[in-house]
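This note is written for a reader who is new to the study of protein structures. Please keep the sequence and the model in view while reading.

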Amino acid sequence: YCIVLAEFFNILFSAIFKFFTKVGLKELAKWISDGRIQIALMIIIWWAIREHTPRGAGLSLIRPYFIYYVLGIGFYKYVYLKLSMWKYLPAWIIFIALIPFWTRTSLDNIDSPIPLPNEVTYFYAGLVALSGSFLILSIAKWVAETHIKVLKSFLILCGQLSLGIYAIH
């Protein structure tokens, strides 16, 4: 659903680009053709229309997740490819420092006898999730850039097997 919706937005932006080009608004055409502007517009338009979208056939699932899909596209196109391995180091440090206090089964995700405000626990859980994501991305980038064929083949096999297990469940 996210891919189809993103393609609808691409068609819309292409039509707007052609319209601006035909009527002589070259500066606006250049502006609408910028991918960062398109990502921002997709998020803004989606926030405006998402509550008016159909709910049947699993379409209700797209409401909360489409924005993350678009942010992922933007991250990959404009940030991820430009990050060096050293820029991931803070994520490693933050994740390693915070993970000992994290527990999945706790109500607030913090294994602490001291009750903390909801804002702190929400920020903590988000920081652990983001730093952990960046840690995994850095490992994946390192594996992709290395020439260790056995490691790559093993990870590809694991990915294929896990997809089959996921599909069965």
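The numbered points below go from the whole chain to individual residues.

1. Basis of the note. This is a predicted model, in which local features need pLDDT of at least 70 and side-chain atom pairs count only at pLDDT 80 or more, while totals for chains, interfaces and linings use all residues. Residues are numbered from 1 along each chain as its sequence is written, and side-chain values use heavy atoms, with hydrogens and water left out.

2. Overall make-up. The chain contains 7 helices and 0 strands; helices (H or I, at least four residues) and strands (E, at least two) are DSSP runs, numbered from the N terminus. Read from the N terminus, the order of elements is α-α-α-α-α-α-α.

3. Surface and burial. The accessible surface of the chain is about 12600 Å², and carbon and sulfur atoms account for 73% of this surface. Such areas come from the Shrake-Rupley method with a 1.4 Å probe, and for residues only the protein chains shown count as cover. Of the 169 residues in the chain, 23% are buried. Buried means under 20% relative accessible area, exposed means over 50%, and partly exposed lies in between (1.4 Å probe, protein chains only).

4. Contacts along the sequence. A contact means heavy atoms within 4.5 Å. Among contacts in the chain with a separation of 6 or more, 55% are between residues 24 or more positions apart.

5. Packing of α1 and α4. Two packed helices are described by the angle between their axes and the distance between the axes. Helix α1 (residues 2–22) packs with α4 at an angle of about 65°, and their axes are 10 Å apart. Here axes are lines fitted to C-alpha atoms, for helices over the stretch in contact, and angles run from 0 to 180 degrees between N-to-C directions. From α1, the residues Cys 2, Ile 3, Leu 5, Ala 6 and Phe 9 meet Ile 62, Tyr 65, Phe 66 and Tyr 69 of α4.

6. Aromatic residues. How many aromatic pairs does a search of the whole structure find? The search finds 6, where rings of Phe, Tyr and Trp (its six-membered ring) pair if their centres lie within 6.5 Å; planes under 30 degrees apart count as stacked, over 60 as edge-to-face and the rest as tilted. The rings of Phe 75 and Phe 134 are edge-to-face, because their centres are 5.6 Å apart and their planes stand at 70°. This pair links distant parts of the chain, since Phe 75 in helix α4 (residues 62–78) and Phe 134 in helix α6 are 59 residues apart. Phe 75 is partly exposed at 23% relative accessible area, and Phe 134 is partly exposed at 27%. One aromatic cluster is formed by Phe 9, Phe 13, Trp 46, Phe 66 and Tyr 69.

7. Ser 138. This residue is found in helix α6 (residues 118–145). Is Ser 138 buried or exposed? Ser 138 counts as buried because its relative accessibility is 1%. Apart from neighbours within four places in sequence, Ser 138 contacts Met 85, Tyr 88 and Trp 92.

8. Asn 10 and Gln 38. Asn 10 lies in helix α1, and Gln 38 lies in helix α3 (residues 35–49). The two residues are 28 residues apart in sequence and 8.3 Å apart in space, C-alpha to C-alpha. Asn 10 is partly exposed at 28% relative accessibility, whereas Gln 38 is buried at 16%. Leaving aside neighbours within four places in sequence, Gln 38 is in contact with Asn 10, Phe 13, Ile 32 and Ser 33.
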